[in-house]
Structures are given as C-alpha cells and as structure tokens.
Amino acid sequence: MPVVCFGAWAIGGSNWGATDDDAAVRAIQVAIDCGMNAIDTAPVYGFGHSERVVARAIQGRRDRVIVMTKVGLRWDESHGDAFFETVDAHGKTLTVRRNATPASVRLEVERSLERLGVETLDLVQVHWPDLKTPISDTMWALVELRAQGKLREIGVSNFTVAIMKEAQRVLDEVPLASDQPKYNLVSREIE
C-alpha cells in the first residue's frame with residue numbers, strides 16, 4: 001500500500017459544497033497518469049456520488065490503480081447507532097449510522113462494486129467501529145466476500161489498537177492489510 005493516496009471524500013459533494021465532477025475526473029486521471037496509484041473512497045462520501053465519480057475516472061486505467069472503499073456507515077436505514085447528521089445534495093437531513101452487521105457489509109460491498117464499475121475491490125475497510133456488532137461477525141463477512149473474489153484485502157479505519165488486535169485474531173492467517181487513522185492536514189492529534 002502506498003503511504004499517500006487520492007482521498008475522494010470531497011468529490012462526493014454534500015458537506016463540502018458543490019463539486020465539479022468533470023474537474024474531479026480530470027484531476028484523478030492526471031494523478032494516475034503521473035504515477036498516483038491508489039484511490040480511497042467510501043459509500044458515505046456523497047451517498048455513493050464519490051464512488052460514481054471515481055468509476056468514471058478509472059475507466060481505461062483500472063489496471064493502474066488500487067481501488068479502496070469502506071463499509072459500516074449507512075444513511076439509508078434505521079439500524080445501528082446514530083453517528084452524525086448531515087444533509088444530502090438536495091438539502092434533506094440524513095442520519096448516518098454505524099452498521100457493520102454481516103448483512104449490511106455484504107450489501108455495501110455489492111453496491112460499491114456496482115457504483116465503481118469493478119469486479120473486485122482491492123481493499124475494503126470497516127470505516128468506524130460498530131460497537132453493537134461483534135467484530136468477529138464483521139470480519140467473517142469480509143473473509144467470505146474475499147473468498148468469493150469480491151475483494152482482495154481487508155482493513156480498518158479509525159479503530160483502536162485493541163479492536164484492531166481483536167480483528168486480526170479473528171482473521172487469523174488473513175492479514176489485516178491496513179489501518180487508516182484519522183489523520184490529515186487538519187486532524188493531526190496522533191502526532
């Protein structure tokens with residue numbers, strides 16, 4: 001995994017305001033052509049919009065890029081603990097919930113494959129811990145999807161060391177491929 005990748009949160013729009021999809025596609029394509037080889041997105045980034053923009057950008061370049069997405073945050077159902085409220089592109093208020101149940105994980109992977117227009121996701125990370133769902137249930141669902149060829153690697157984002165250790169214990173010989181802590185130019189608390 002590269003240390004630096006293209007983060008596709010902002011191209012989802014919503015909280016970031018209006019975005020120019022064509023400019024985002026061009027930026028990603030130029031980055032790939034210049035050697036950037038990884039894109040990090042998630043369904044919750046613009047409620048699927050970011051993944052659809054990434055799909056446009058990687059057409060004809062799929063073999064040159066690592067496609068990473070996430071599971072575990074849902075805005076389209078009432079199951080799970082409320083995580084935050086936001087608005088969609090039409091101004092509708094939505095409650096985003098933590099939901100890493102096996103059924104939700106399976107559905108999210110299928111939807112991401114479709115939105116991204118790929119047959120296999122290179123990395124799927126659990127976006128945030130879902131403390132109501134045993135991590136073993138979540139990890140086993142991801143292992144099954146990996147065995148089906150729908151994803152290559154399994155990772156986590158925003159997990160504590162203790163939960164990461166439990167996830168790796170469950171995964172056994174399947175390596176936990178990534179940990180993406182909350183860290184960027186603004187959020188630098190881990191320094």
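Helices are DSSP runs of H or I with at least four residues, numbered from the N terminus. On that basis, Glu108 lies in helix 3. The model described here is predicted.

## Helix 3: Glu108 and Ser112

Helix 3 covers residues 102–116, and Ser112 is found in this helix. Glu108 belongs to helix 3 too. Is Glu108 buried or exposed? Glu108 counts as buried, because its relative accessibility is 4% and the cut-off for buried is under 20%. Ser112 is also buried, at 1% relative accessibility.

Which residues does Glu108 touch, leaving aside those up to four places away in sequence? The contacts are Pro43, Lys70, Val71, Gly72, Leu73, Arg74 and Asn99. Ser112 has its own set of contacts, counted with the same exclusion of residues up to four places away: Pro43, Glu51, Thr69 and Leu121.

Val3 is 105 residues from Glu108 along the chain, and their C-alpha atoms are separated by 26 Å.

## The cavity

How many cavities of 30 Å³ or more does the structure hold? The count is 1. The largest cavity has a volume of about 30 Å³. Its lining is made up of Ala42, Pro43, Val44, Lys70, Val71, Gly72, Leu73, Glu108 and His127. By class, that lining has 5 nonpolar, 2 polar and 2 charged residues.

The buried Glu108 is thus one of the lining residues, because its name stands in that list.

## Strands and their pairing

| Strands | Sense | Bridges |
|---|---|---|
| Strand 2 (residues 38–40) and strand 3 | parallel | 3 bridges |
| Strand 4 and strand 6 (residues 93–98) | antiparallel | 2 bridges |
| Strand 7 (residues 121–126) and strand 8 | parallel | 5 bridges |

Start with strand 3, which runs over residues 66–71. Strand 3 is mostly covered, with 5 of its 6 residues buried. Its Ile66 stands opposite Ala38.

Strand 8 spans residues 151–157. Strand 8 is mostly covered as well: 5 of its 7 residues are buried. Gly155 in strand 8 is the bridge partner of Gln125.

In what order do its 3 strands lie? The order is 4-6-5, with antiparallel pairing. Strand 4 (73–74) and strand 5 (81–87) are the edge strands, and each pairs on one side only. Arg74 has Arg97 of strand 6 as its bridge partner.

Two residues stand out by backbone angle. Asn158 is not a glycine, yet has a positive phi of about 65 degrees. Asn158 sits in the loop between strand 8 and helix 5 (161–171). Its relative accessibility is 16%, so Asn158 counts as buried.

Asp172 also has a positive phi, near 60 degrees, in a residue other than glycine. Where is Asp172 found? Asp172 is in the loop between helix 5 and strand 9 (176–180). Asp172 is exposed, with a relative accessible area of 56%.

## Cysteines

How many disulfides does a search of the whole structure find? The search finds 0. Cys5 is in no disulfide, and the nearest cysteine sulfur, that of Cys34, is 16 Å away.

Cys5 is partly exposed, at 29% relative accessible area. Cys34 counts as exposed, with 67% relative accessibility.

How values were computed:
Residues numbered from 1 in each chain as written. Predicted model: local features only at pLDDT ≥ 70, side-chain atom pairs only at ≥ 80, totals over all residues. Heavy atoms only, no water. Pairing = 2+ DSSP bridges. Disulfide = S-S within 2.5 Å. Buried < 20%, exposed > 50% of the residue type's maximum accessible area, 1.4 Å probe, protein only. 1 Å grid on protein atoms, 1.4 Å probe; cavity = no way out; pocket = protein on both sides within 12 Å on 5 of 7 lines; lining within 4 Å. Points joined across faces, edges and corners; volume = space filled by probe spheres on them. Nonpolar A, V, L, I, M, F, W, Y, C, P; charged D, E, K, R; others polar. Contact = heavy atoms within 4.5 Å.
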